[in-house]
Amino acid sequence: MKYFILCLSLGIVLMGTFMRYVHLEEEKEKNIILSHENKILSVSYQAVTNMYHVSIENYFKRMILQEAVLDILHQAKHANDSEKAVLRGMLYRKIYPLYASELKTLGIRQLHFHTPKGESFLRFHKPAENGDSLIDIRPSIRIANTQKKNVMGFEGGRVYPGFRYVFPIIDNGVHLGSIEISLSFESIELELSKLLTCKNSVLLMKKEITSDMVFSHHAQYFMTSQISEHFVTENEKLSILTAKSIESPLVKRINTLLKASPNIEIKLQKGKNFSVPFVDGTDGYIANFHAIYDISGQFAAYAVTYGYLDELVFVHKKYFLANVLGFIFIFSSSVGFFLVLQNRKKALHEKRRFETIVNKTINGILLIDVKGEIVFINDAACQILGYHPSEIIGLESHTKIHVHEDTQSANNCVILKTISHQQSYVGEEVFRKKSGERITVHLNATPFIEDQKAIGSIVIFRDITSEKHDKETIEHLAYYDALTDLPNRKLLLDRLSSTLAHTHRSHEFGAILFLDLDNFKIINDTKGHNIGDLLLKEVAQRLKKTLRECDTVSRLGGDEFVILITPLGLEKEKAHAELSHIATKILHALNQPYRFGTFKHAFTHTCSVSIGGVLFCDSSMSVDEILKKADGAMYEVKNGGKNAVKII
Amino acid sequence: MKSFVMVLLLLSSMVWVDARPLIFAPLPLSNTQRVFEDFSPMIHYLEKHLGERIEFHYEKQYDTIVRLFQENKIDIAYFDPLPFIALHKTFQGAKPLITFHESGGTHGYRCVLVKFAGDKIDVNHSPRMKVALTQPLSTCGYIKTKFLLKEYYGKELDNMLFSYLGKHDEVALSVIRGDFLVGGVKESVAHEYATLGLEIITSTKMLPGFTLVVNTQTLTQAQIETIKHTLLSTPKEVYQTWGKELSYGMSEANATLFDALSHDALEFNVPPHGNYP
């Protein structure tokens, strides 16, 4: 469940990221297309307005700056109202033929003379309306009459906003006012349509510079835009081109989409060029907005063109397909990843189980590669060999760990042979610990097969050094006395039997000396058993020193020792003499004082011994008889006052 | 069965009438833009109070408007007296409802003979001077201009060169431009163009004012009453914002005022075309 949620979350995050990326790429590609379309509009708009500027300036110089016109304006400068009325009429009469025949044909919407004070002197488009001051609401007229320079650009007005070309009229240094020649958007639109593929266009004007600024009775020239209530368009009842565009099904469709577009109002308020793409079923649409700034630098309007753009459909389909393919890929990957995780979890689980088994086992496990280098070691092996894993990984096991006979080459190494021969090996080998100490191990080396090829060997081993030592100790204790490490009764009897068989064949004499310490019970009772044991050990040592290597000194138990002496020669007398001599030497050796303890606890003890001896040279007497006789001889000594030797 | 068909036809006719918006057509006193901007506020005001859409219909020719009215394609019209008389003579469904006052609140207007102040007129030296007229059916057109020329100069219009220009302001401007020496227009138009040197030579007596005429064959009595009541009760501060011709107030139309003018219309045989291109 955990992995399912993880994979599901991962899939969702990846899909989200992918879709976001695809969306951004789509937007980027669309923006390139839109930017191109918008650029075409901007360049075309600039070209059209500049073209008009050149034409209109020529008209101004050729038609307006005539002597007769200038004469009327000179007279008007100093005339009273009634005189001005006549002069206004004369000016109208003079210019009207030009206005009607050429300027109106050119698309001029307004031809407007202003006084030097910036008042309206004569509007050809509204001749009856004059005398109102424009200096405060029309920057173009203010600039032309105060700074005496030509002004060009879009601007609002009392009658109608338009594309203004305002020229100051100066004759022989006398400022006579200014003239304004304005174009309607229809004119601009007409020329734009010759350059653009989009045949539908609308001028979207800000309310502040149109219906809010014009004479109240001219407010009917405008109607609220279908896109935003902050913008107006020309009233379709007054503008044939606007009506044509607004009534166009394409414009209606795009305007509906624009109105529903969430950010359109924000974009409109920014006053920047932008384009809005729409894909509706199999149709692609574009609305290009070219921001128009008025003469004072204020954002005033948008020239908007509407058109089809099939490229958008192609781009949309392309990225939709990318999303679908991305979804399939990510879904498949997520499922695959989920399965991998599941398998990995299973494998990890098995690995942990294996590692637990390997690490918790008391057997050492090594994995060596074909070169004999250790590639894995478990905890038990580290502990046995005294290495840290980091020290031993990579070590060459044949020379560093495995102890061989000097002549054994790697080819003959029983462990490495498991790889080369692909055969298992079980046996005892000697390993070298980090400290150099050698240990005996029982090992099982098995070739590690992968793809039917031995790529190494798994060596499972156990340290049996202690085990082996214990076995030897047990075996030793079966034939030797644990306290004195002298042969015990069993070994003595074995050797005595052997000696008897030997003397029977060789006719040489052998002998048994039976020793019993005198008054041993006293030291045990007075000094304790520890001191008693020490005395017995010392006695054993003195006996070994006194006797030859070929003689057997044994302890039967308690303070009784039996010595088997061989060979004593073929002659009885000599054998007897020799045995007496040896017995006397023993007696003398054992009579020497014994020192125990240290410093102020040190003390000396003197202990005598009673010795009974028996010579034998054939098998006429059994082992028991020999021992019994020797024991008897020894008791005779005991009874006779101890600390003496009796040979039978 | 016959009755049933009649009822069906009547219902169909009512459905048709209800299906289209009301049509309002003013006389083309000036250009489209000007006419539209002058009448739109009143139209909107009426739409709001009637609860019905009123469509603006512009026609250049007076006689076309008269014909469309007769054909029940116009429901409300703005006429000066003579076109109304012409209409009423053949179409009894035309009913004068409201008369608009002139500036100063006068319940009528004058037609005037105008000229450009910079021009000098000597009728003796130019007996065939050029005269600008509005339209044949316009009150201030042929009939009153003819009367004023006769009265002031003692000359006959028919002996002069005259042409119909259509709109009052076009007559005024053509005189200012010098295309015509004199012209006949409504007095208010002459005043409007005084700032361009247009001056009044002589004027008529007071005539009945411009009138809102309703079509009783397309409008119900209730609609007619609502229009009348709405306009007559329009506050001054509202109608003052309407177009110039409508901004001086209104009163209920008096059909008897048209009688005298009917006599003039009958007296003259108005030529349908000018004698000067």
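Colleague: In which sense do strand β7 (residues 130-133) of chain B and β9(B) pair, parallel or antiparallel?

Modeller: The model under discussion is predicted. In it, Val131(B) of chain B stands opposite Val182(B) in β9(B). Two bridges connect β7(B) with β9(B), and the sense of the pairing is parallel.

Colleague: Which residue of β9(B) is the bridge partner of Val114(B)?

Modeller: Strand β6 (residues 111-116) of chain B is joined to β9(B) by five bridges, and the two run antiparallel. In β9(B), the partner of Val114(B) is Gly183(B).

Colleague: How many of the five residues of strand β9 (residues 182-186) of chain B are buried?

Modeller: Strand β9(B) pairs with β7(B) in the parallel sense and runs antiparallel to β6(B). The strand is largely enclosed by the rest of the structure, because the number of its residues that are buried is five of the five.

Colleague: Turning to chain A, which strands form the edges of the open sheet of five strands?

Modeller: The strand order in this sheet is β2-β1-β5-β4-β3 (chain A), with antiparallel pairing. The twist from one strand to the next averages 25°. An edge strand here pairs on one side only, and the two that do so are β2 (120-123) and β3 (151-155) of chain A.

Colleague: At about what angle does helix α3 (residues 81-106) of chain A run to β1(A)?

Modeller: Helix α1 (residues 2-64) of chain A lies across β1 (108-114), β3, β4 and β5 of chain A, at about 30° to β4(A). Helix α3 of chain A lies across β1 and β2 of chain A, and its angle to β1(A) is about 155°.

Colleague: How are α3(A) and α6(B) oriented towards each other?

Modeller: Residues Gly89(A), Tyr92(A), Arg93(A) and Tyr96(A) of α3(A) meet Leu173(B), Val175(B), Ile176(B) and Arg177(B) of α6(B). The axes of α3(A) and helix α6 (residues 168-177) of chain B are 8 Å apart, and the packing angle is about 85°. The two helices are therefore roughly perpendicular.

Colleague: Is Pro127(A) buried or exposed?

Modeller: Pro127(A) is found in the loop between β2 and α4 (139-146) of chain A. Beyond residues up to four places away in sequence, Pro127(A) touches Tyr92(A), Leu122(A), Leu173(B), Tyr193(B) and Leu196(B). A residue counts as buried under 20% relative accessible area. Because the value for Pro127(A) is 7%, this residue is buried.

Colleague: Which strands stand at the edges of the open sheet of six strands in chain A?

Modeller: The order in this sheet is β13-β12-β17-β16-β15-β14 (chain A), with antiparallel pairing. An edge strand has a single partner strand, so one of its sides is left without a neighbour in the sheet; this applies to β13 (374-377) and β14 (402-403) of chain A.

Colleague: Which residue of β17(A) stands opposite His442(A)?

Modeller: Strand β16 (residues 438-450) of chain A and strand β17 (residues 453-463) of chain A pair in the antiparallel sense over ten bridges. In β17(A), the residue opposite His442(A) is Arg462(A).

Colleague: What is the relative accessible area of Thr566(A)?

Modeller: Thr566(A) lies in the loop between β20 (560-565) and α18 (572-591) of chain A. Leaving aside neighbours within four places in sequence, its contacts are Thr499(A), Gly510(A), Arg548(A), Cys550(A) and Asp551(A). Thr566(A) is buried, and its relative accessible area is 16%.

Colleague: How far apart lie the C-alpha centres of domain 1 of chain A and domain 2 of chain A?

Modeller: The domain assignment of chain A gives domain 1 (361-465) and domain 2 (478-647). The distance between their C-alpha centres is 52 Å.

Technical notes: Residues are numbered from 1 along each chain as its sequence is written. Chains are lettered from A and ligands numbered from 1 in the order in which they are written. This is a predicted model: local features need pLDDT of at least 70, side-chain atom pairs count only at pLDDT 80 or more; totals for chains, interfaces and linings use all residues. Side-chain values use heavy atoms; hydrogens and water are left out. Two strands pair if DSSP finds at least two bridges between them. Helices (H or I, at least four residues) and strands (E, at least two) are DSSP runs, numbered from the N terminus. Axes are lines fitted to C-alpha atoms, for helices over the stretch in contact, and angles run from 0 to 180 degrees between N-to-C directions. Contact means heavy atoms within 4.5 Å. Domain bounds come from an automatic or database domain assignment. Buried means under 20% relative accessible area, exposed over 50%, partly exposed in between (1.4 Å probe, protein chains only). Angles under 35 degrees count as roughly parallel, over 145 as roughly antiparallel, 65 to 115 as roughly perpendicular and the rest as oblique.
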